[in-house]
Amino acid sequence: MSDTKTFTRRSQAWFGRQDRDGFIYRSWVKNRGIPHDQFDGRPVIGICNTYSELTPCNSHFRALAEQVKIGIWEAGGFPLEFPVMSLGETLMRPTAMLFRNLASMDVEESIRANPLDGVVLLMGCDKTTPALLMGASSVDLPTIGISGGPMLSGKYRGGELGSGTGVWQMSEEVRAGQMSQEEFFEAESCMHRSHGHCMTMGTASTMASMVEALGMSLPGNAAIPAVDARRNVLARNSGRRIVEMVKEDLIMSRILTKAAFENAIRVNAGIGGSTNAVIHLLAIAGRIGVDLKLEEWDKIGQKLPCLVNLQPSGKYLMEDFYYAGGLPSVIRELESVIDKSALSANGQTLWDNCKDAPNWNRDVIHAFDTPFKAAAGIAILHGNLCPDGAVIKPSAATPSLLKHTGRAVVFENSDDLHKRIDDENLDVDENCVLVLKNCGPKGYPGMGEAGNMPLPPKVLRKGITDMVRVSDARMSGTAYGTVVLHVTPEAAAGGPLALVQDGDLVELDVDARKLHLHVSDEELARRRALWQAPKAPADRGWVKLYVDHVQQANLGADLDFLVGKSGSGIPKDNH
């Protein structure tokens, strides 16, 4: 019998065996015509594919995977594609975020249980990117990421139409009587007209940018349109590169260092990225073993400028961003703050990849000294309403509302919101603060994108387009407004948010990093004594496991028992 400890590559503990079990491992793989010499010790590369017709953003991944395979073959590797759970943000209920951690478990266990030396991650739609990075981090093999790329720009009646952002804007116009239902429905076919994920700087584009900023992809990954032939070139080159990464033993933990996460925070500020990046990077850092705190988002990134003029903070779309120079151009502009020593998947530093990047359009990508918006990074708030923190994206907010005190109009949950927000008898005006409870990790469950609450029609008809909104929910990265999110602890966990009542005064002061409920400690204690936790959303299955073990948003909303990693050790034989 063979001693599996003598093999130099992980896959050879399966395919290099000269015994009964080696026969089994090789023979069944040969059933599709694999010649015997493919088991000669060359790197075996897993292609982790989130293709699904239920995930429209990832519907072109079959073709993308074929390009990766070609690259792996060309570099002398042996590609083996495998599916994992795919998370379609646009279709999954109650929210794809409920299943991010489940998908990460699928990824982790699929990688560890199989004869793989390296992995290529195919990801696009919002939650597939963090799920795959989290799962792969817990194994820590040589790994490279490829995003599916943004779709082409939406075109509607001679103008640009951004995915997600246009939905929020036009739906409010319909509710205000400023747009007809017929016009609204016409826009459906105009907004999404090619393969790819959202072409605004929503969460999908933000996370694709984070993959590149973290060093987990080849340069250019963030912005190449999904249907541009150069996306296929990137995929093929990534297939070639992963083979070399295995030979170099360039594992994830060598790339995903503290410096890499700090660079990602800086880049997120520069692109005006989604608030969802906060919760996902915290979770990824927890898996790889990097000590990243919520407050570091503020400390590192908040004073940095937003350089990119893209929806929802600006006017352009991802296609324009790519033509202007893409993420390498942004990183070059961040020269004075970037950590130039951080390593990337191609073996070069992030700075070496970007130091000569051109900028072809200064209206899309501004210079560091003449930014699109100053001091526009994500701000972290604290106060008696959010003892463990809350987030707000100033670049997407109304400046005059960043310091505001208003009367609370409270919705106990998302059903309550949808039931009453259009009621003409709702006691609300534009100076009020809309407060939404029970939409956090435990309460929704899964922390739905409910934070950008629709405004009451009576307010919209006045021409008002923004109000201060506060919740323990997330919001789509394509959304905008003066929206305080991720209030922690959440209401369902007994956080102070659960105690807010109609008429309470809520104070927001972003410059002071303050979110304060003007209610005495004595009164809050009285209310807490009367508070009852909401009924558990499930008594079995994944939802129960999730609710019982999910951490709060300030820790990344991972499951408590998944934090950290188990490594790439070889499991015992199956016979």
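Ile45 has Pro79 of β2 as its bridge partner. The model is predicted: local features need pLDDT of at least 70, side-chain atom pairs count only at pLDDT 80 or more, and totals for chains, interfaces and linings use all residues. Residues are numbered from 1 along each chain as its sequence is written, and side-chain values use heavy atoms, with hydrogens and water left out.

**Exercise 1.** Find the order of the strands in the open sheet, and its edge strands.

Step 1. Strands (E, at least two residues) and helices (H or I, at least four) are DSSP runs, numbered from the N terminus. Two strands pair if DSSP finds at least two bridges between them.

Step 2. Read the order. Four strands line up as β2-β1-β3-β4, with parallel pairing.

Step 3. Look for strands that pair on one side only. These are β2 (78-83) and β4 (143-147), the edge strands.

Step 4. Zoom in on one pair. β1 (residues 44-49) and β2 are joined by six bridges in the parallel sense.

**Exercise 2.** Is β1 largely enclosed or open?

Step 1. Recall the rule. Buried means under 20% relative accessible area, exposed over 50%, partly exposed in between, using a 1.4 Å probe and protein chains only.

Step 2. Count. Six of the six residues of β1 are buried, so the strand is largely enclosed by the rest of the structure.

**Exercise 3.** Where is Ser138, and what is it in contact with?

Step 1. Locate Ser138. It sits in the loop between α5 (128-137) and β4.

Step 2. Ser138 has 1% relative accessibility, so it counts as buried.

Step 3. List contacts (heavy atoms within 4.5 Å). Neighbours within four places in sequence are left aside; the partners of Ser138 then include Glu108, Arg112, Arg287 and Lys565.

**Exercise 4.** How do the axes of α3 (residues 61-74) and α9 (residues 229-248) cross?

Step 1. Note the method. Axes are lines fitted to C-alpha atoms, for helices over the stretch in contact; angles run from 0 to 180 degrees between N-to-C directions.

Step 2. Read the values. The two axes come within 7 Å and cross at roughly 40°.

Step 3. Classify. Angles under 35 degrees are roughly parallel, over 145 roughly antiparallel, 65 to 115 roughly perpendicular, and the rest oblique. α3 and α9 are therefore oblique to each other.

Step 4. Find the residues. Leu64 and Ile72 of α3 are among those making the contact, with Ala235 and Val243 among those of α9.
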